[in-house]
Amino acid sequence: MADNNDMDTSEDQTVTDDVKTAGQPLSDFLLQLEDYTPTIPDAISEHYLHTAGFNTTDPRIVRLVSLAAQKFISEIANDALQHCKTRGANQNTKTKGKDRRYTLTMEDLTPAVAEYGIIVKKPHYFV
């Protein structure tokens with residue numbers, strides 16, 4: 001009977017260790033988030049969060065939203081760049097090499113944001 005109690009104690013200890021290690025990466029991420037300065041300033045994120053009805057006093061939450069918005073914008077810009085490159089590969093261009101510059105146009109941005117469920121249409125007076 002004493003053996004069963006010893007066994008239960010070691011199982012409880014293992015469960016406790018698993019809980020500690022499961023939350024460790026999240027707490028490390030939150031500590032790193034305090035030192036990180038995202039591209040989108042905290043004041044802008046706070047403004048839009050407040051406008052949406054979300055009020056928080058924790059600056060880490062605001063910074064986390066800023067980081068998520070930065071990643072979202074970065075993915076859209078990267079997708080638009082890929083659309084521009086594929087469209088440019090079909091055209092005859094004289095500039096081949098590393099000094100090629102790309103311009104973000106509505107032709108490239110529209111399919112990139114459409115992948116995320118955002119529909120962009122030009123107003124009729126621009127057509």
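This is a predicted model: local features need pLDDT of at least 70, side-chain atom pairs count only at pLDDT 80 or more; totals for chains, interfaces and linings use all residues.
When I call a residue buried, I mean a relative accessible area under 20%, whereas exposed means over 50% and partly exposed lies in between, with a 1.4 Å probe and protein chains only. By that definition Pro38 is buried, because its relative accessible area is 8%.

Residues are numbered from 1 along each chain as its sequence is written, and side-chain values use heavy atoms, with hydrogens and water left out.

Let me stay with Pro38, which sits in the loop between helix H1 (2-35) and helix H2 (42-51); helices here are DSSP runs of H or I with at least four residues, numbered from the N terminus. Which residues does Pro38 contact, leaving aside its neighbours within four places in sequence? They are Arg63, Ser66, Leu67 and Gln70, where contact means heavy atoms within 4.5 Å. Pro38 and Lys71, which are 33 residues apart in sequence, have C-alpha atoms 10.0 Å apart in space.

Ser45, in helix H2, counts as buried because its relative accessibility is 7%. Not counting residues up to four places away in sequence, Ser45 touches Ile40, Val62 and Ser66.

Turning to helix H3, its 32 residues (59-90) should span 46 Å at 1.5 Å a residue, and the end C-alpha atoms are 47 Å apart, which agrees; the expected span is 1.5 Å times one less than the number of residues. The buried residues in H3 include Val62, Arg63 and Ser66, and also Ile76, Asp79 and Ala80.

Now to the charged pairs. The structure holds six salt bridges, each being a side-chain nitrogen of Lys or Arg within 4 Å of a carboxyl oxygen of Asp or Glu. In one of them, the side chains of Glu34 and Arg60 meet at 4.0 Å, N to O. Glu34 lies in helix H1 and Arg60 in helix H3, so this pair ties together parts that are 26 residues apart in sequence. Glu34 is partly exposed at 41%, as is Arg60 at 27%, and a network of salt bridges links Glu34, Asp58 and Arg60.

Another salt bridge joins Arg63 and Asp42 at 2.7 Å, N to O. Because Arg63 lies in helix H3 and Asp42 in helix H2, the pair ties together parts 21 residues apart in sequence. Arg63 itself counts as buried, at 17% relative accessibility.

Arg87 forms a salt bridge with Asp108, the closest N and O atoms being 2.9 Å apart. That pair links distant parts of the chain, with Arg87 in helix H3 and Asp108 in helix H4, 21 residues apart. Are these two partners buried or partly exposed? Arg87 is partly exposed at 27%, whereas Asp108 is buried at 1%.

Finally, a search of the whole structure finds one aromatic pair. Phe72 and Tyr116 form this pair, edge-to-face, at 5.3 Å centre to centre with 75 degrees between the planes; rings of Phe, Tyr and Trp (its six-membered ring) pair if their centres lie within 6.5 Å, with planes under 30 degrees apart counted as stacked, over 60 as edge-to-face and the rest as tilted.

Definitions and conventions:
Helices (H or I, at least four residues) and strands (E, at least two) are DSSP runs, numbered from the N terminus.
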